[in-house]
Amino acid sequence: SLKGLASMVLAGPLSDSQSYIRAQWDKDEGNLGSLPPFVQGRIQQLEAAHRYNSAEYETISAVLTTFFTLRTAPAPDCFVQSNAGMNRDIYVAMQGASEFTMSGVLADFNVTGRLHEIEVPVLLTSGRFDTMRPSVVRRMHQELRYSEWKMFPHSGHVSMIDDADETLRVVADFLGRVHMANVTGQFVSKDWDEAPDFPGFTATSCTSSSWLLMISTLLLGVLLGSGCSAPGKSQEEYMRLE
């Protein structure tokens, strides 16, 4: 560990990009894997055709962002301003053109095998609806020598906004125990009961009404994307991804 480093707090973390990609489509714990089959198919077709900049893909991505990235609506000024100041060229070069896959220089990023080298307490946090799915964070939790994992019940990826009060409470609790360890010489870890077994976002976790709202919203996004990106084309022509 680095000299002077007493602890780490990792929010919505990952240690393996390929694991992150697979987790998106997992039928039990995935976020994209929980979507209606038609929407899953459209995302896969558009990504295979590298149509990340198409109106349809951007519309679907914008809707999914409200499910899995920031669930607070309307988005607060701090989030809007941060997004406005983002250097998209750097983001795309590192992550890729989509939040839900990895195609940039981080596509093969994997430091899971080195997590055991971290010798300080680590607090892992994630949201129930996070793009960082439970399997991704769970593996880190298992590999780290001194880790705690807290999953926030209402959050997407931006838990510090979606579950602001709870995030502050948990981080303060953790840092307080880190401080006490400097005094006593011993860190007292905490088992956040719901963390490892907290239910993820699955088909069975949604009511019929919420599924209806999700499907209706996504289909509206697809129709809007179709109308914007291919004026004058028939539905059959558009579906061929010309």
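Modeller: Of the 242 residues of the protein chain, 43% are buried, meaning under 20% relative accessible area with a 1.4 Å probe, protein chains only. The model is predicted, so local features need pLDDT of at least 70 and side-chain atom pairs count only at pLDDT 80 or more, while totals for chains, interfaces and linings use all residues. Residues are numbered from 1 along each chain as its sequence is written, and side-chain values use heavy atoms, with hydrogens and water left out.

The chain has ten helices and three strands; these are DSSP runs numbered from the N terminus, helices being H or I with at least four residues and strands E with at least two. Their order from the N terminus is β-α-α-α-α-α-β-α-β-α-α-α-α.

Ser98 lies in the loop between helix 5 (88-94) and strand 2 (122-127). Ser98 counts as buried because its relative accessibility is 2%. The Ser98 side chain comes to 3.0 Å from the backbone nitrogen of Phe100, a polar contact (a pair of N or O atoms within 3.5 Å; within protein, one must be able to donate a hydrogen and the other to accept it, and residues adjacent in sequence count only if both atoms are side-chain atoms). Beyond its neighbours within four places in sequence, Ser98 is in contact (heavy atoms within 4.5 Å) with Glu47, Tyr52, Tyr57 and Tyr91.

Tyr57 is also one of the buried residues of helix 3, including Ala55, Glu56 and Ile60.

Technical notes: Buried < 20%, exposed > 50% of the residue type's maximum accessible area, 1.4 Å probe, protein only.
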